[in-house]
Amino acid sequence: NEGVSAFAEGLRYNDSLHSLFLNSNLIGDSGSQDLAYQLRSSSGLSYINLGENFITDRGIFSHLEAMMVNNTYEFIQLQGNPVSLSAQEEIKHLAIADQVGFGLE
């Protein structure tokens with residue numbers, strides 16, 4: 001999580017990166033939350049893959065909050081993370097409303 005937190009700081013004002021693949025990197029909620037916080041300011045990122053990590057509802061909802069601030073997100077892959085069924089339903093509902101794609105399965 002410390003590594004992704006440092007990496008996230010570098011993304012804060014990046015507007016040239018469009019896709020980010022961080023799948024299978026042992027990222028937990030803390031790293032996911034740091035990443036989401038920094039991505040609120042990124043104007044270019046539209047696709048992020050966080051699949052097959054250890055991100056729970058808490059870490060995933062931090063990305064939903066970031067999406068409310070930064071509307072450049074088009075798709076976020078979350079497959080293979082321990083997300084509860086209730087959180088999955090809420091994510092699907094929000095994704096339809098905001099026209100953001102989520103990969104959960």
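## Exercise 1: A leucine in a loop

Leucine 26 counts as exposed, because its relative accessibility is 64%. Keep in mind that this is a predicted model.

**Task.** Find where leucine 26 lies, and describe its phi angle.

**Solution.** 
- Step 1. Leucine 26 is found in the loop between E1 and H2.
- Step 2. Its phi is near 60°, a positive value in a residue other than glycine.
- Step 3. Now look at serine 24, which lies in the loop between strand E1 (19-21) and H2. The phi of serine 24 is near 55°, again a positive value in a residue other than glycine.
- Step 4. For the exposure label, the cut-off is over 50%. Leucine 26 has 64%, so it counts as exposed.

## Exercise 2: Helix H2 and its partners

**Task.** Describe how H2 packs with H3 and with H1.

**Solution.** 
- Step 1. Recall what to look for: two packed helices are described by the angle between their axes and the distance between the axes.
- Step 2. For helix H2 (residues 29-39) and helix H3 (residues 57-69), the angle is about 5° and the axes are 8 Å apart. H2 and H3 are therefore roughly parallel to each other.
- Step 3. Next, find the residues that meet. H2 brings Asp29, Ser30, Ser32, Gln33, Leu35 and Ala36, while H3 brings Arg58, Gly59, Ser62, His63 and Ala66. Sorted by class, this contact of H2 with H3 has three nonpolar, six polar and two charged residues.
- Step 4. Turn to H1 and H2, whose axes come within 8 Å and cross at roughly 5°. That makes H1 roughly parallel to H2.
- Step 5. On the H1 side the contact is made by Val4, Ser5, Ala8, Glu9 and Leu11, and on the H2 side by Gly31, Asp34, Leu35, Gln38 and Leu39. By class, the contact of H1 with H2 has five nonpolar, three polar and two charged residues.
- Step 6. Finally, list the buried residues of H2: Asp29, Gly31, Ser32, Leu35, Ala36, Gln38 and Leu39. The buried residues of H2 pack against H1, E1, strand E2 (47-49) and H3.

## Exercise 3: The nonpolar core

**Task.** How many residues does the largest nonpolar core have, and which helix supplies the largest share?

**Solution.** 
- Step 1. Start with the background idea: in soluble globular proteins, nonpolar side chains tend to be buried together.
- Step 2. Here the largest nonpolar core has 23 residues. Those with the most contacts inside this core are Leu20, Leu22, Leu35, Leu39, Ile48 and Leu50.
- Step 3. At least two residues of this core come from each of helix H1 (2-11), H2, H3 and helix H4 (85-98). The largest share, four residues, is supplied by H3.
- Step 4. Zoom in on leucine 39. Not counting residues up to four places away in sequence, leucine 39 touches Leu11, Leu45, Ile48, Asn70 and Tyr73.

## Exercise 4: Histidine 63

**Task.** Is histidine 63 buried or exposed, and which side chain does its own side chain meet in a polar contact?

**Solution.** 
- Step 1. Histidine 63 is part of helix H3.
- Step 2. The cut-off for buried is under 20% relative accessible area. Histidine 63 has 1%, so it is buried.
- Step 3. The side chain of histidine 63 makes a polar contact, at 3.1 Å, with the side chain of serine 32.
- Step 4. Leaving out residues up to four places away in sequence, histidine 63 touches Ser32, Leu35, Ala36, Ile48, Leu50, Tyr73 and Ile76.

Key. Residues numbered from 1 in each chain as written. Predicted model: local features only at pLDDT ≥ 70, side-chain atom pairs only at ≥ 80, totals over all residues. Heavy atoms only, no water. Axes fitted to C-alpha atoms, helices over the stretch in contact; angles between N-to-C directions. Parallel < 35°, antiparallel > 145°, perpendicular 65-115°, else oblique. Contact = heavy atoms within 4.5 Å. Nonpolar A, V, L, I, M, F, W, Y, C, P; charged D, E, K, R; others polar. Core = buried A, V, L, I, M, F, W, Y, C linked by side-chain atoms within 4.5 Å. Buried < 20%, exposed > 50% of the residue type's maximum accessible area, 1.4 Å probe, protein only. Polar contact = N/O pair within 3.5 Å; in protein donor to acceptor, adjacent residues only side chain to side chain.
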